[in-house]
Amino acid sequence: MRARKFKKLLIANRGEIALRIIRTARMTGLKTVAIYSEADARSTHVAAADDARLVGPAEASKSYLNIAAIIAAAKDSGADAIHPGYGFLSERAEFVRAVDAAGLIFVGPRAEVMAQLGDKISARKIATQASVPVVPGIETADLRAAREFGASAGYPILVKAAAGGGGRGMRVVESAANLGDALETAAHEAESAFGDGRLFIEKYLARPRHVEIQVLGDEHGTVAALGERDCSIQRRHQKLVEESPAPNFTQTTRDAMIDAATRMAQAAGYTNAGTVEFLLDGSAFYFLEVNARLQVEHPITEIRFGCDLVAEQLKIAMGERLGAISDPRGCALECRINAEDPGRGFSPATGAVIQLRTPGGPGVRFDTHLAQGVEVGAYYDGLLGKLICSGATREEVRRRMISALDELAIVGVTNTAGFLREVIASDAFARAELSTRFLEEHFPTGPHHDSERDTAALIAAALVAKDRLGSRDPQESDGARDSIEHSPWTEMPKFELWRTR
Ligand code: ADP
């Protein structure tokens, strides 16, 4: 058994998830070690940890993906366990092997389980063996077999990379005429992006929903499922809004999906926290993949089940048995706030946070690493924070989210809060007309109203116009007097402080 007690946890990540993990680790009495790149020396996760180690320059390949430097940082700081967070090295079996070889505990599944599930072709095979329905498809991209599949299943079909992830490595093929070219290009792309050109093919479902099941597996063979999350609101196959429970989802389908996810986790010998993803088409559902790590959207499950999934991960990694899981309650909704400009094709945005106003009140949680002065650069993904609202009913939570998005202001970094506010306030979302095509169908060109552009940007512009900011370094603008005199919230007319819609 790998599990054993540990005392000092290195968090091999950055941003909101590093901070999130540090909080739970501290609360459970563990010492924490942050790692950081040269670009992140002044980040909040570094300040929050007991100890911190520089692991390389800004480029992720040389820092947050640098296995040797991270293992050396763990050894040097006396850490005896590593939590990978999500993204970066979290699903790299070679990292788990390196952690094991160094005599450290990895907070996650075993290397061989991760390797099997990380390969989408072998994951499909495990699902089939466990009688879990998979999307109709073939586990080869041989041109002749692909032609036959296209002819029998009907177009469009989807060419996918066995090693794909993060919405990358997928190509929709509309007709037999394009098939040969699509397979060739997809194989090249997969080879250069993932170092693995193997492909497989699925039927491209027209308007599915993305519904996933949170699982926990302990080192003693027990697997528990913690309900579902609907993550259908996506842009380019990347999730933007997630909710639990899935609306318009019968208890029969829920029970069947939970049962399938549990079988899948058991068949794979899964341990620690993971997510089994499905596409839902009417009442039929199909296995998509297993994410062998903590998921970005895990807080909506925590809220409904009254648990701390990071604490569960740490307990499992220490060899403890899973405790009783309480029944879920109420509803929870999450919006991912990204550093992007929705008015300009969601192009990435950068900048320094000049002022931050975070929402609060009952049923509101904002997981973020932002603070005044924090720089948002172009090196890493642009997730600024996750706004999570909860309440008794979906409609109550929806209204709370609209209010919380109004309250949120991130001055200095253009972001998607205003656009998400439009999405949540739309009739289609209120009616829960969910599908992975939601944004294409209802927001084909992004936000509907220019006036919805981030109020925070307007306030910042007004302040700049008033020459209040000048060339002042936001880091230096501290002190009570300064913040009262120069806070945008006191300088703007009251009606500007809250978005009025
Ligand atoms: P990744 O690992 O890159 O995230 P997934 O296989 O998990 O890829 O799929 C991501 C998203 O792509 C899904 O949530 C869904 O929106 C879309 N997708 C994947 N497979 C299909 C399919 N066969 N038909 C329709 N949409 C699909």
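Predicted model: local features only at pLDDT ≥ 70, side-chain atom pairs only at ≥ 80, totals over all residues.
**View 1. The salt bridge between E189 and R171.** The closest N and O atoms of E189 and R171 are 2.6 Å apart. This pair connects distant parts of the chain, with E189 in helix α8 (residues 179-194) and R171 in strand β8 (residues 168-173). E189 is partly exposed, at a relative accessible area of 39%. R171 is also partly exposed, with a value of 26%.

**View 2. The salt bridge between E396 and R400.** Here the closest N and O atoms are 3.3 Å apart. E396 and R400 both belong to helix α12 (residues 394-407). Because they are 4 residues apart in this helix, about one helical turn separates them. E396 has 32% relative accessibility and counts as partly exposed. R400 is partly exposed as well, with a relative accessible area of 24%.

**View 3. The salt bridge between E433 and R431.** In this pair, the closest N and O atoms lie 2.6 Å apart. E433 is partly exposed, with a relative accessible area of 33%. R431 counts as exposed, because its relative accessibility is 51% and the exposed class covers values over 50%.

**View 4. A network of salt bridges.** Seven labels mark this view: E212, R229, K239, E242, E277, E297 and R336. Salt bridges with shared partners join these residues into one network. In the whole structure, a search finds 43 salt bridges.

Conventions. Residues numbered from 1 in each chain as written. Heavy atoms only, no water. Salt bridge = Lys/Arg side-chain N within 4 Å of Asp/Glu carboxyl O. Helix = DSSP H or I, 4+ residues; strand = E, 2+ residues; numbered from the N terminus. Buried < 20%, exposed > 50% of the residue type's maximum accessible area, 1.4 Å probe, protein only.
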